[in-house]
Amino acid sequence: MRPSLALALLLLAGGAHAAESPAPVVELELLAEHPITGMAAGNLSGLTRCGGEWLALSDREDDRLYRLQPGDGAWQAEAETFSAPPPPPSALPWGLRMHGWLASKLRGGELDFESLACDAKGNRYLLSEAHVALLQVGPSGMAEWLELPASLIRQARASGMLLRHNALLEGLVIDPAGDRLWLAAERERRGLLVLHKINGRWRCTGGCVLMSEAGQRRSPLAPQSEARYPRSFGDLAFWDGKLFSLERLEQRICRRDPNTGAQEKCWSFVAAALASGRSYPEPYGNAEALWLDQDGAWLGLDNNGMARADGEQRSLLWQFKAPPGGWSAP
């Protein structure tokens, strides 16, 4: 082969390799950290803004939301109670139902609310992981379970999701119009599901499953360890026509196509989690709640009752600045 031709091929191969290399992940800037006081059971697992108010919930309490009152330091949580009717019959296998029942007796929170969303009408949507069900709480406080399509759990399990105890549905978000909602299966396998509201009823239009994937990764919170953990979803957000996923193990937020679930771009918050005094004993991360707008992102941390390195035991909110160019930048 002539030297000039060999050099050209080498440069071409190098260019192709560079094109395939993933773009570096931008690190988000932490603006503030707010401990939450007034949540009796702690365990902040859901966060949203509704009608200008911050709302949160705990996966240990079945009868209340919390209004969060911002402050310069700690934020105060004020309970807003409701009465949930008995959950609908579950399509989960008997073994998974029993695991959930036993866990609730040990730790509290029979409904195990893991995510919270709000539509433009002020309806709140609470995701019960234990029952794979959605509770709607209206502005008046009236609570009712939504009728979800029977095919939802069947399709998810056929795709390898919702097969393990405590690895069921973890994230929820609804579009402002209240006509389309997305659900995130936590891990082993993790995935995204979508439902559309048609003539007042929730349906799987063209299938419920957007994506499903397995895989394990090392934890960036334990850089010296070779241990690998399942990839997971912690929560979802919707902004400017795009879906955003909280990826707890990788300590990042990713933008995704709302129609396919395909990943488009990610931003990391590893630096904030690794800062002095902020580490927790768990290597797979404690971020469980996500809310996002044009100015930034808010993460809720569920510490499961554990203290971090500096002794802080309260649930926390982390406020991050939006990345350069905004969340919609290519």
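# Close-up views of strands, hairpins and disulfides

View 1. The model is a predicted one, in which local features need pLDDT of at least 70 and side-chain atom pairs count only at pLDDT 80 or more, whereas totals for chains, interfaces and linings use all residues. Residues are numbered from 1 along each chain as its sequence is written, and side-chain values use heavy atoms, with hydrogens and water left out. Strand β4 (residues 53-58) and strand β5 (residues 64-69) run antiparallel and are joined by three bridges; two strands are said to pair if DSSP finds at least two bridges between them. Strands (E, at least two residues) and helices (H or I, at least four residues) are DSSP runs, numbered from the N terminus.

**View 2. The eight-stranded sheet that holds β4 and β5 is open, with the order β3-β4-β5-β6-β2-β24-β23-β22 and mixed pairing.** Its edges are formed by β3 and β22 (287-292), each of which has a single partner strand, so one side of each is left without a neighbour in the sheet. On average, and with direction ignored, neighbouring strands of this sheet are turned by 30 degrees against each other, where axes are lines fitted to C-alpha atoms (for helices, over the stretch in contact) and angles run from 0 to 180 degrees between N-to-C directions.

View 3. Strand β3 is mostly covered, six of its seven residues being buried; buried means under 20% relative accessible area, exposed over 50% and partly exposed in between, with a 1.4 Å probe and protein chains only.

**View 4. A disulfide joins C50 to C118, with their sulfur atoms 1.9 Å apart.** The pair links distant parts of the chain, with C50 in strand β3 (residues 44-50) and C118 in strand β7 (residues 113-118), 68 residues apart. A disulfide is here a pair of cysteine sulfur atoms within 2.5 Å. The relative accessibility of C50 is 7%, so C50 counts as buried; C118, at 13%, likewise counts as buried.

**View 5. Strand β7 and strand β8 (residues 124-128) pair in the antiparallel sense over five bridges.** Here the bridge partner of F113 is S128 in β8. The two strands form a hairpin with five residues between them, and G122 in the turn has a positive phi of about 90 degrees. Six of the six residues of β7 are buried, and the strand is mostly covered.

**View 6. An open sheet of five strands shows the order β1-β21-β20-β19-β18, with mixed pairing.** At its edges stand β1 (26-27) and β18 (235-239), each with a single partner strand, so one side of each is left without a neighbour in the sheet. Within this sheet, strand β20 (residues 252-256) and strand β21 (residues 263-268) run antiparallel and are joined by five bridges, and R252 stands opposite S268 in β21.

**View 7. Between β20 and β21, C254 and C266 form a disulfide, their sulfur atoms 2.0 Å apart.** This pair links distant parts of the chain, with C254 in strand β20 and C266 in strand β21, 12 residues apart. The torsion about the S-S bond of C254 and C266 is about 105 degrees, so the disulfide is right-handed. Both cysteines, C254 and C266, are buried.

**View 8. C204 and C208 form a disulfide, with their sulfur atoms 1.5 Å apart.** Both C204 and C208 are buried. By the distance rule the count of disulfides comes to three, and with bonded cysteines counted along the chain they follow the pattern 1-2, 3-4, 5-6.

**View 9. For context, the protein has four helices and 24 strands.** Its radius of gyration is 21 Å, close to the 20 Å that the globule rule gives for 330 residues, so the protein is as compact as a globular protein of that length; the radius is taken over C-alpha atoms, and the rule is 2.2 Å times the number of residues to the power 0.38. Taken along the principal axes, the C-alpha atoms fill a box of roughly 80 × 45 × 35 Å. Buried residues make up 50% of the 330 residues. Among contacts (heavy atoms within 4.5 Å) between residues at least 6 apart in sequence, 54% join residues at least 24 apart.
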